[in-house]
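Colleague: I would like to go through this model and ask what stands behind each description. Please set the values against the criteria as we go.

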Amino acid sequence: MTKYGHAFVVGLQSNLIYRWNFAVRSLFWFFHLVVVFILWGAVFAGKAGIGGFTFAQTLTYFVVVFILQFFIGAFNEDYQISEDIRNGLINQFLLKPINYFAYRLSVFAAARVVSGFFGLLALLAALPFFRGYLDLPHEGWRVALGLPAMALTAMIQFSIAYCFGLLAFWFLEIQGFVILSMAVENLLGGQIFPLDLLPPGVFNAVRFLPFFYQAYFPAAILTGRQGLDFAVQGLAIQAVWAFLLVCLAEAVWRRGLRHHTAAGG
Amino acid sequence: MRTLKGYLGIWLASARYSLVRATMFRGDLFIWALVEFFWISVNVIMVGVIYRHTATVAGWSMYEMLILVGTSMLIQRFLMAFFWSGIYEMGRNVRSGLFDFILAQPGDPLFMASTRKLELDGLINSVVAAGLVVYAASKLGLRPGPGDLALYACMVGCGVVIHYGALVIAMSLAFWITSSQGVEGSYFTLMEFSRLPKEAFKSGLLSVVFVWILPAVVVSNAPARVLLHGFQPLWAAALGAATLGWFALAVVVFRLGLRRYTSASS
């Protein structure tokens with residue numbers, strides 16, 4: 001097993017210790033889904049559809065977005081990285097032949113396996129209430145393109161969180177930046193509303209931003225909100241963003257290390 | 001009366017310290033003010049996007065909905081300004097044993113723990129939230145009288161007390177569980193309901209649970225209705241009862257938790 005494989009296994013074990021935190025988070029998710037159900041149920045009341053989609057399709061979109069967050073969303077990786085830097089724990093990685101990005105990515109993958117499991121449990125618990133409202137398309141290409149889109153989304157989410165975590169090289173407190181970016185990411189990522197409900201001009205501008213690919217894009221492919229051509233084009237843009245953000249993460253890491261002062265024995 | 005004056009003196013001293021601290025870390029203040037402003041904007045944009053596709057939601061027009069969202073935000077900003085930091089830190093302090101520091105202070109532990117810090121960014125953004133309510137009211141051509149405005153302010157105050165109670169109860173779990181990290185999420189999840197109009201709750205069960213048992217909906221709907229429709233006795237009574245009930249429950253839960261506190265080894 002490679003060293004990153006070991007990091008993954010250790011990550012799995014340490015995340016299982018916090019299984020109750022994930023379970024509680026899943027419970028919050030359920031309540032959040034109730035809010036979505038009530039709000040959008042009221043919005044769709046008396047209407048066959050909005051933006052070309054039915055209430056069931058829109059609710060399915062939100063369910064998929066939430067489940068995706070459990071599997072590929074970055075939760076508190078930025079905070080963990082900033083803590084490594086602030087507490088000097090990062091020094092041990094500088095002395096060993098370990099790539100910190102790869103190490104953190106392994107731990108991130110392990111955490112998502114655990115949180116994804118709890119997300120699925122939450123979905124199973126919610127299913128009896130929402131089953132009649134779920135409407136997933138059945139085209140095979142959606143899964144074929146949706147899976148790589150999910151992988152790239154995970155990389156984009158992780159890279160952004162990694163960059164924010166590295167801000168701890170320069171700032172003592174990064175939480176403000178993180179929550180600020182969370183507001184932008186939630187809005188432009190399509191977690192507040194499906195982005196196709198935006199005015200067309202705004203939607204076309206937003207689709208060139210990396211946030212678009214943080215939740216909306218894979219969910220739109222999987223739930224039938226976008227067609228094949230859009231998905232193929234989007235996948236190309238998403239791959240470019242994933243590559244650019246990984247490069248940015250490496251650049252920030254290198255610059256940050258120049259700032260870093262390791263103290264102690 | 002003398003005790004009340006004493007507590008006011010303690011609070012003023014804490015507030016003065018917080019303001020001095022905020023002006024020392026101006027960059028931090030700017031970032032956090034921006035954070036809260038962004039979250040208000042997210043809610044306003046959501047309302048804007050929804051109403052691009054519909055004229056009403058559960059019988060509420062866009063500007064009526066903005067009054068509701070603005071009121072909900074206003075209450076939450078006040079909570080953030082006056083109580084959030086103190087209560088949030090309470091969870092961590094209980095775990096680390098630093099709560100001893102609160103217990104050693106000359107006053108009621110709940111008061112001392114929850115009023116330690118005044119956050120200027122929350123106060124700044126309460127002006128933004130109030131501005132949103134005023135804007136929406138002016139768009140609707142509302143001209144509430146002094147009585148309605150006083151009642152609205154009073155109901156917003158009740159809302160802050162209810163939010164305070166819910167947050168204290170959530171963070172008091174730290175006395176029972178090993179890690180309270182993320183517990184504050186339960187408060188935010190509950191308060192998501194406060195941005196929904198009561199009429200949106202079609203199911204009887206959901207209405208009973210979220211409108212009448214849990215306080216989230218009544219907290220924002222009651223004051224918003226005062227501006228929109230004037231004094232409504234049922235809503236005022238429900239809000240008053242919820243205020244007393246949730247504050248009393250918070251005090252009881254906190255005191256029960258305090259009995260379990262065994263300093264640094266807690």
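Colleague: What makes up chain B in this predicted model, helices or strands?

Modeller: Chain B has 11 helices and 0 strands. Read along the sequence, the pattern of chain B is α-α-α-α-α-α-α-α-α-α-α.

Colleague: What share of the residues of chain B count as buried, and what makes a residue buried?

Modeller: A residue is called buried because 20 or more other C-beta atoms lie within 10 Å of its own. Of the 266 residues in chain B, 44% count as buried.

Colleague: Which share of the contacts in chain B between residues at least 6 apart in sequence joins residues at least 24 apart?

Modeller: That share is 79%.

Colleague: How many residues of chain A are in contact with chain B, and why are they said to be in contact?

Modeller: Two residues are in contact if their C-beta atoms lie within 7 Å. On that basis, 28 residues of chain A are in contact with 29 residues of chain B. Helix H2 (19-44) and helix H8 (175-188) of chain A each supply at least two residues of the side that touches chain B. The largest share of that side, 12 residues, comes from H2(A). The residues on this side of chain A divide into 19 nonpolar, 6 polar and 3 charged.

Methods:
Residues are numbered from 1 along each chain as its sequence is written. Chains are lettered from A and ligands numbered from 1 in the order in which they are written. This is a predicted model: local features need pLDDT of at least 70, side-chain atom pairs count only at pLDDT 80 or more; totals for chains, interfaces and linings use all residues. Helices (H or I, at least four residues) and strands (E, at least two) are DSSP runs, numbered from the N terminus. Ala, Val, Leu, Ile, Met, Phe, Trp, Tyr, Cys and Pro count as nonpolar, Asp, Glu, Lys and Arg as charged, and the others, Gly among them, as polar. A residue is buried if 20 or more other C-beta atoms lie within 10 Å of its own, exposed if 12 or fewer, and partly exposed in between; C-beta atoms are placed from the backbone.
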